[in-house]
Amino acid sequence: MSSLPIIAPSLLAADFADLRTELRRVADAGADWLHLDIMDGHFVPNISFGPDLIRRLRPHSRMPFDAHLMIAPVEPYIAAFAAAGCDHIAIHPESGPHPHRALQLIAGLGKKPGLVLNPGTPLELIAPLIDQCDLIMLMSVNPGFGGQKFLPGTLPRIAAIRAMIAASGRDIRLMVDGGITAETAPAVIHAGADALVAGTAIFGAPDYAAAIAGLRGPWV
Ligand code: DX5
Ligand code: ZN
């Protein structure tokens, strides 16, 4: 088990022309998980990459692959991401009519299921799905692009989800995704997050190890 908070660099901000080197550099710098943003140009207004790229990266990294699926409909593609080597597969509840079944499908494939909530998504949606989740990811920007500004309204939502997780009695990681920097991370951790996704703040920094250490902070 990695020390908390878990740091998950988002590949979206990496140098796509040299991904093998980028994987090695973030692993050497102390990253815990590799966050993979999958965008279809339909559920979100941007297109990134798909399972074939992930399958080609898989032999070059021992980090858990943390897939964040921003595609609709999502269910038909889940098996492909599992087969490509993703360890965690997180879905948005709006990305298909049957989020409960999609989470069951992920677990049935032997992967950790996650639920991702947009800034405008009501938290009550978690209640009937929390028993299916190993991860809950809270978006602190509207999904689609890296490099956006952290939405401060996320902080009370983190605290509310932390309370829901405690009440569930389940061991669920609470991740926050979007606009995470050394400036925004402390409040996010203090509100109750235990895993941080960061693209620009890591891959855009000259020294990945210093950037990761700056995000991890002295919180533990
Ligand atoms: C946004 C993605 C994020 C994004 C984070 O849709 O889900 O994972 O890559 O990028 P930064 O850290 O630059 O906000
Ligand atoms: Zn993401």
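**Around ligand 1**

Biologist: What classes do the residues of the shell around ligand 1 divide into?

Modeller: That shell holds eight nonpolar, 10 polar and two charged residues, with Asp, Glu, Lys and Arg counted as charged and Gly among the polar ones. This is a predicted model, in which local features need pLDDT of at least 70 and side-chain atom pairs pLDDT 80 or more, while totals use all residues, and side-chain values use heavy atoms, without hydrogens or water. Residues are numbered from 1 along each chain, with chains lettered from A and ligands numbered from 1 as written.

Biologist: OK, and which residues come nearest to ligand 1?

Modeller: Of the 20 residues around ligand 1 (a heavy atom within 4 Å), those that come nearest are Gly 144, Gly 147, Asp 177, Gly 199 and Thr 200.

Biologist: How far is the polar side-chain atom of Thr 200 from the ligand's oxygen?

Modeller: For Thr 200, a polar side-chain atom and an oxygen atom of ligand 1 are 2.4 Å apart, which falls under polar contacts (pairs of N or O atoms within 3.5 Å). Asp 37 also places a polar side-chain atom 2.8 Å from an oxygen atom of ligand 1, and for His 35 the distance from a side-chain N or O atom to a ligand oxygen is 3.4 Å.

Biologist: And how much of ligand 1 does the protein bury?

Modeller: The protein buries 98% of the 380 Å² that ligand 1 exposes when taken alone, with areas from the Shrake-Rupley method and a 1.4 Å probe.

Biologist: Which strands each supply at least two residues of that shell?

Modeller: Those are strand 2 (34-39), strand 3 (65-70) and strand 8 (195-198), where strands are DSSP runs of E with at least two residues, and helices are runs of H or I with at least four. Strand 2 gives the most to the shell, namely three residues.

Biologist: Changing topic, is the peptide bond from Ala 72 to Pro 73 cis or trans?

Modeller: The bond from Ala 72 to Pro 73 is cis, and its omega is near -5°. As for its place in the chain, Pro 73 belongs to the loop that runs between strand 3 and helix 3 (78-83).

Technical notes
Polar contact = N/O pair within 3.5 Å; in protein donor to acceptor, adjacent residues only side chain to side chain.
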